[in-house]
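Here is a short briefing for your next look at a protein model. Please keep the viewer open while you read.

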Amino acid sequence: MGQQMSEPEDLEQTTEVLSTISDDILQREDGPLCAAEIGSELQKQFAILPGGRGMNGSPIIIFPEFPAFQELEEEEVQNVLSYLTSVPSVAASGVGFILVIDRRLDRWAAVRATLLRIAGSFPGNLNLVLVLRPTTLFQRTLSDFLFKYNKDEFKMKVVMLSSVTELHAYIDPGQLTTELGGTQEYCHDSWISHRTAIEAFALMVKTTAQTLQAFGTELAETELPNDAEATTGLLHTHTLKKDKMKEDLQVALSQGGRLLECINEPLQMDPEYNMTADEVENLATVQRLLGQLNETETAFDDFWERHCTKLEQCLQLRHFEQHFREVCAQLDVMSERLSGFSEVSVSPAHAEHVLRELSAHEDKACDIMDLALSLASEGDRLIENSHYAEDSIRPKCSELRGVYEEIRTTLRSKKSLLLRALELHHALEKALQWCDDGIFLLASQPVDRCQSQDGAEAALQELEHYLDTAPLHTLTDRSAICCQYEAVLNAQLRDQVEKVFQKQSSVQEMFEKRRISLKKLAAKQTRPVQPVAPRPEVKSPHSSPNLERKERRYSADSALCKKAESPVHNGGMRHASLSEEEENLAVLRRHVMNELLETERAYVEELLCVLEGYAAEMDNPAMAHLIPSTLLSKKDILFGNMSEIYQFHKRTFLKELEAFTDCPELVGRCFLERMKDLQIYEAYCQNKPRSESLWRQCSDCAFFQECQKKLEHKLGLDSYLLKPVQRITKYQLLLKELLKYSKGCDGSDDLQEALSSILGILKAVNDSMHLIAITGYEGNLSDLGRLLMQGSFSVWTEHKKGHAKVKDLARFKPMQRHLFLHEKALLFCKRREENGEGYEKAPSYSFKHSLNMSAVGITENAKGDNKKFEIWCNSREEVFIVQAPTPEIKTAWVNEIRKVLTQQLKACRDASQQKSSDSPSPTTNNASISLSPFRSSGQKNQKKQEEKKAELSPAMDANTSSCSTPKYKEPPVHVSLSRVKWMSTSSLLQSKWQGWNKASLSVDASEENDGYSSGEDPINSDPEDEVGKKLAPGKYTVVADCEKAGPQELSVKSGDVVQLIREGEDGQWFVKNLRSCKEGWVAAANLLSLISESKSTQSLSSSDGSVSGNLSTSSSCSETYTSFSDIKP
């Protein structure tokens, strides 16, 4: 279907006004009663509304003599009073009603009962109650006496009157009926008839307005048909419905006119007749309704005229579209035939033949093109007549004219392209001729004449003069030529163009080479003299070529520093701006702190609401029948430790946060002090999947719906169960904001530490969510220590004892494994598919393998891939090659594993030192055990090592005889090792206890490890002996940062690999940073602290010349770490 009709805004406005006026008359909002509905009650005439008004405009309701008033039903009294109070206008009712109660023939008891009943059931605003009291002597006396004592219980202003004369003092007689001494003529039956007619008319008007509005909406929402036949049918249908609407409008107008005549009838019979206020209001209301009906009819006629016009225009559009499709089909056929003509010519005769055929086709196309122009003109006439589909017609007209112009342009273009093809042929021939002439020119220049300067200059001028003619004869831009003649370039012409450009390029290259040669011959040979600064006579062979640059840079930096030390001071302005900025930051900090406190209080209230409104209700016997069986005795699963979280926040954390209201920058201390308490969220998050699963099973039960209804919550319980998870993540956002506005404040360090701790808790929570998904592990995961890291990797395995084919296959086929690094073990798991929804849509991990961290070693760089590293155990009998997704993730894991191994080494070292202090010192030899945390990559050196160990093993039998099945054989004296690893702690301690503290080991470094040496056993070294230690040339790893103190000194950072080249005077060493390739001098005392505080091993040699252990190998070695087992002496 097509587009929708426009909305009838004017019609909707008028119908809404009609509905509003009708609602005012019917009073459907305040009182749904009409006169027709309570006609029997009104006929009893125990209360009337004759239409009079008090002096202040208050409507008057009269209660005539009615002895059976007390016998009336309460509903009857309430209905009549409600209806009578709804008749006057809102303005009149707001002033208040005046009640005139005629009880002259009644007794005081009846008067009192009437007043009490009216006071209790009158629905409107009472201004005054006038009572004509009984006229008999006894009842009058009794009423005078008792009224004084009972008037307070009436709770309204009551005036007791003895006669109608006194009544006239309060109300003008013209506003009273003849029964009360007034002049107003009142007929109750006529009043009821008028009210019934007015309300019936208002109801008819409202129904008519609704019908009109619905019809207008129907017309507006009608989609225009897409064909002419359907459009004609729709126009006929809508016309019939319009005629029916017009009839309904005429009926309503006729009834309104008769009602108006009925209201005006007393005035027509007696021109001096004074209408009551109610009659005046009725007359105005009916007149207003009639006027609005007339406006509605006018608006409907206007809307129908627009709608009918649109349908007629739609019919015109459908005819235009049909003709458009027919003409376009003919134009397409003609265009297809035209496209079959070739615009490429290979010869002039071929071009003439194509031109003759084009002329014949052009004669046939003129008739169709004229028809297209005629149809486009018809579309223009529709647009000029303000057709609603101008946006649809205009593109079609443009398309017709565009196709017309396209066909005409194509005819001209094809003719033009044939001529351009001839032009291209001429250009190619011209360029080829220029190339041939240039080649002849180069060949004709005599070589002997060019050897002199004058001859070279003349030949050069001749070449340049000929090159100046190139733009007039050659093809300069290949892409421009291809673009310009793209339509005429066939394969043959393209080959010709390519050959011409190749020939031009070759010729120009020949010209350029000749020009360069001639320029060198023509140039005068002059030798410029450049001043050279004197160089020092003696220069150290180890000095860096960058040293002078560093000194110059240092001097420049010094000049800048001196310049910066004398700034232009503007103290007052700078202090003012700083104060304003500090004040702004303080305001921002207070704003964040207020948000923290407000959200914390709201969070505590929400937790309390859940605990009292849901958790406590599960123990309520009255609610037990609503709890499903699947929910029984599972409160702890559903709510977890929410109660513990609430108690902590309510009793402790909120109060402590409020203590920092005036100093938000110090609130980090509060978080740091309560960081352990905040770890209770970990247990809640671990239980969340079970809670979510239980909730999904019982979410639709009546118990939760009843609890939610009592609490008046818009959201279900599941939204509130998520609050603790949202809250713990909210803290880090607030701390970030506070830290941003607290730079330089006293508590900024605490805020930074608190933020890091919160992020650590979030990481621990996330890790624990993965940890609980491990299946198949038979042991207790808590025995493995704290979970440090977890992530997915590609893993290859290598086994020395496996079959060769299996080993090779394993190298090329990686396994996808999820690794969990604990303090004591490394777990390999397989990630399973995610199932379920919400928290149930979490991965699961099947346990596959585990490695004890006390038997693990690592190689940081594996197989030349910066994303791979090796994890091995049992002397590399089992090797796991691990590939991380990114180099950054690999670095993080390697650092964390190194940290674990280093902590194990430190623990073993402390245990060894404790053992040494507790036991007598054993006999030592003048040798040292070589320890290096690195493993080289050569297999041949390993074989040599084993051969040498086999040759020298008898010399060590006496020292090793006391060992009981050591894990590794103790190395003999003077053994040469080319592949060094960390030894297990058990082997080291056994050798120490058996007198191996000074066993000498020599380490042969590879060619890359210039000066590679090992040091004393770190377990046996004493910190006091470091004074006697001595540095030796070699490569070391820096374990602390050191800034340079002078222009010739070198800055190093932790992790840099440096090479000690030579020792200078005054305790200085000339050092090269292998990472930054910079050189400089470093004090020996600084070197001792920089490379001797390593957590892994010492890097110094003893003064007696024993070999020292390296902290680092050269760049070609892979850094390898091995852990130490816990040793119990």
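This is a predicted model: local features need pLDDT of at least 70, side-chain atom pairs count only at pLDDT 80 or more; totals for chains, interfaces and linings use all residues.

Residues are numbered from 1 along each chain as its sequence is written, and side-chain values use heavy atoms, with hydrogens and water left out.

**The sheet and its helix**

- An open sheet is built from 4 strands in the order β1-β2-β3-β4, with parallel pairing; its edge strands, each pairing on one side only, are β1 (60-63) and β4 (158-161).
- On average, neighbouring strands of this sheet are turned by 20 degrees against each other, direction ignored.
- As for terms, strands are DSSP runs of E with at least two residues, helices are runs of H or I with at least four, and both are numbered from the N terminus; two strands pair if DSSP finds at least two bridges between them.
- Strand β3 (residues 126-132) runs parallel to β4 and is joined to it by 4 bridges.
- Across from Val131 stands Met160 in β4.
- Helix α5 (residues 108-121) packs on the sheet and touches β1, β2 (97-102), β3 and β4, its direction making about 155 degrees with that of β2.
- Contact here means heavy atoms within 4.5 Å, and axes are lines fitted to C-alpha atoms (for helices over the stretch in contact), with angles running from 0 to 180 degrees between N-to-C directions.

**A kinked helix**

- Helix α20 (residues 642-658) has a kink of about 45 degrees centred on His649; the bend at a residue is the angle between axes fitted to the seven residues ending there and the seven starting there.
- His649 is also one of the buried residues of α20, which include Met642, Ile645, Tyr646 and Phe648.
- Buried means under 20% relative accessible area, exposed over 50%, and partly exposed in between (1.4 Å probe, protein chains only).

**Salt bridges**

- The structure holds 33 salt bridges, each defined by a side-chain nitrogen of Lys or Arg within 4 Å of a carboxyl oxygen of Asp or Glu.
- Glu297 and Lys246 meet through their side chains in one of these, at 2.9 Å from N to O.
- Because Glu297 lies in helix α10 (residues 277-339) and Lys246 in helix α9 (residues 228-269), this pair ties together parts that are 51 residues apart in sequence.
- Glu297 is buried, at 13% relative accessible area, and a network of salt bridges links Lys246, Glu297 and Asp301.
- Lys242 and Asp243 form another salt bridge, their closest N and O atoms being 3.1 Å apart; Lys242 is buried at 17% relative accessibility, whereas Asp243 is partly exposed at 35%.
- In helix α28 (residues 887-918), Lys906 and Asp910 are 4 residues apart, separated by about one helical turn, and their side chains meet in a salt bridge of 3.3 Å, N to O.
- Lys906 is partly exposed at 48% relative accessibility, and Asp910 is partly exposed at 39%.

**Cysteines**

- How many disulfides does a search of the whole structure find? The search returns 0, a disulfide being a pair of cysteine sulfur atoms within 2.5 Å.
- For Cys698, the closest cysteine sulfur is in Cys701 at 5.8 Å, too far for a bond.
- Cys698 is buried, with 2% relative accessible area, and Cys685 is buried as well, with 5%.
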